[in-house]
Amino acid sequence: KIHIISTMTTAQAPLDEPSCWLCLEEGHDTFGKPLVRNCSCRGSSGFAHISCIINFAESESKRAYMSGDMGDSLATFEVCPNCKQDYQNDVAYELSKAQVDFVEREFTGAQHGFLYTNALTCRLVLLNVKNESDRCEGEEVISKMLSTFEAMKHTEQHRSHLLHPDATKAFEGHANANIGTFYHKIGSDDGLRKAKFYFQKARSIFESEGDELGVMTINNLIENVEAEISGDGRRCLTQAIEVGLELRKYQLFTKEFGADDNTTIEAGVQLALAMWKEFRTIEAERLLVKLIATSRRVHGMGHDCTQFAISALQRVKERRVFLKKDDEINVDEVYRVMRYTSDGERCVVQGPVSKVVYDPRSNRSEPSHDGAERTFEAERANVVTSRGTPVVCTGLQKATHLNGKIGDRREFDEDTGRYTIHFEDETLKPVMVKPENIRIVFDL
C-alpha cells in the first residue's frame, strides 16, 4: 500500500518524475531509501524520503515547542503538511517510531510527560500484534506509558505544558483504552484478562470526567471481552443500541473534526454498517455513497479510508435471498441475487454464499468455504428476500399510491404471508405487502 518510486534510467524517466518535496532530489536518499508517499496527496506531489520527513518533523516540533504551541508540537510526525491529512500504513509506522525516539532524546522528565505519552500512544496503536517483535515492543511501550503517568501524578510541572489544563486525566483514559485494545487484539487468555483490566480503568476515568460517549464505547468493549473470556464469542449489542452509539460518535466526530476528516468518514462507515445490520439498508447505502464521494474528493481513490468505505458498500449492496423448494424454505443456504430476467419472472442467483465465522482467538471474522458457488436462474416465486432487502412496491390494487415507492423489507407475518415494508419516505407508514407485490431494488 505504500507508494514507492523505483530507480529508472534517464532514457526511461518521465519528465514529471516525482522528487522529494523537502530536499528536491529524485530517487533514493543517502541511506538508499526510496521516495515514499502514504497520505492524501495526489499526482506528483507529496513524495518524500522518510529521512527528510523525520528531519522536517523534528525541526518543526522543536520550533513549535519553543514558541509554546504544544498542541502542534508533534503534529508533523502524524500529519502531512501538504494535504493536511494523517499519514498511514508503513509511513505512519516508521514516523511513529521516529517520534518516540525524538521525544526520548529531546524531552525528558515528567514535565514533558504529555508529549511522551502521546508519542507512545501513537506508536502503540500502529504495532502489529501478530508480529512477535511488535508484541514485545508493545509491552515495552505500555510499561513506559504507565510509569510516565505515575511520574506525572507526582509533579505539577507538566500542567503548564498542556494545551488544556484538564487534558491529563482524559488523555490517561484514552491511553488505557488503547492499552486494552492492544491486549484485546492479542486475543490470548492472558491478553483478554489484561484487556478487561485496562478497559475498566479507562471506564472509571471516563465516568469521573463525565464522558458519556466514552463510557458507552468502553462498556461495549468490556462486554465483548467478557463474552470471549467465557467462550461465548463476541457479544453483539442489540442493533438499535449499536446504531444509536455509532450515530452519536459520527455526530461528535463531524462536529469536532469536520465531515472531511478520515476519522469522521470511518465513523460514518461504522454507522452505515450498524444501520445495515438493523435492516436499514437504504439509509446505509445512501450514507456510504455520500462518504465515498467525500473520501475520494479529499483523500483520493487509493486511500485506506476510501477503500474501507467502498468495501462496506459492496457488502451492503449484496441482495441476499433464500430459495424455496416444494414450498419449504432452505434457511441453511444463503444466495445472492444478481438481476431479474424473463420480464421479472426469473432471477439470476449465485451461491450458496460462504458463511462468515468469528474466531475469538484471532479476533477476526473469516469465511468458511463449504463449497464452490454456482450461478443459475430460479423462478421469482421461489426466491425469498432476506430482511433488510430494498424493494419497490408494484401491482398494488388498493394502495395504488404506494406503487413505485421503495423501502426495506422487514418482518414476515406467517399468518398473512406478507412482509412489512418500511418506506424510505418517512411520511409513509409501514405496510404489509404480499411477496408478489414487491421487486428487489438492485441500484438505488
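User: What makes Trp-21 and Val-36 lining residues of the largest cavity?

Analyst: On a 1 Å grid over the protein atoms alone, a cavity is a set of points where a 1.4 Å probe fits but cannot get out, and lining residues have an atom within 4 Å of a point. Trp-21 and Val-36 are among the residues that line the largest cavity, as are Arg-37, Asn-38 and Tyr-87. This is a predicted model, where local features need pLDDT of at least 70, side-chain atom pairs count only at pLDDT 80 or more, and totals for chains, interfaces and linings use all residues. Residues are numbered from 1 along each chain as its sequence is written, and side-chain values use heavy atoms, with hydrogens and water left out.

User: What is the make-up of that lining by class?

Analyst: The lining has 6 nonpolar, 2 polar and 1 charged residues. Ala, Val, Leu, Ile, Met, Phe, Trp, Tyr, Cys and Pro count as nonpolar, Asp, Glu, Lys and Arg as charged, and the others, Gly among them, as polar.

User: Why is Lys-84 called exposed?

Analyst: Buried means under 20% relative accessible area, exposed over 50%, and partly exposed in between (1.4 Å probe, protein chains only). Lys-84 has 59%, so Lys-84 is exposed.

User: And why does Asp-327 count as exposed?

Analyst: Its relative accessibility is 69%, so Asp-327 counts as exposed too.

How values were computed. 1 Å grid on protein atoms, 1.4 Å probe; cavity = no way out; pocket = protein on both sides within 12 Å on 5 of 7 lines; lining within 4 Å.
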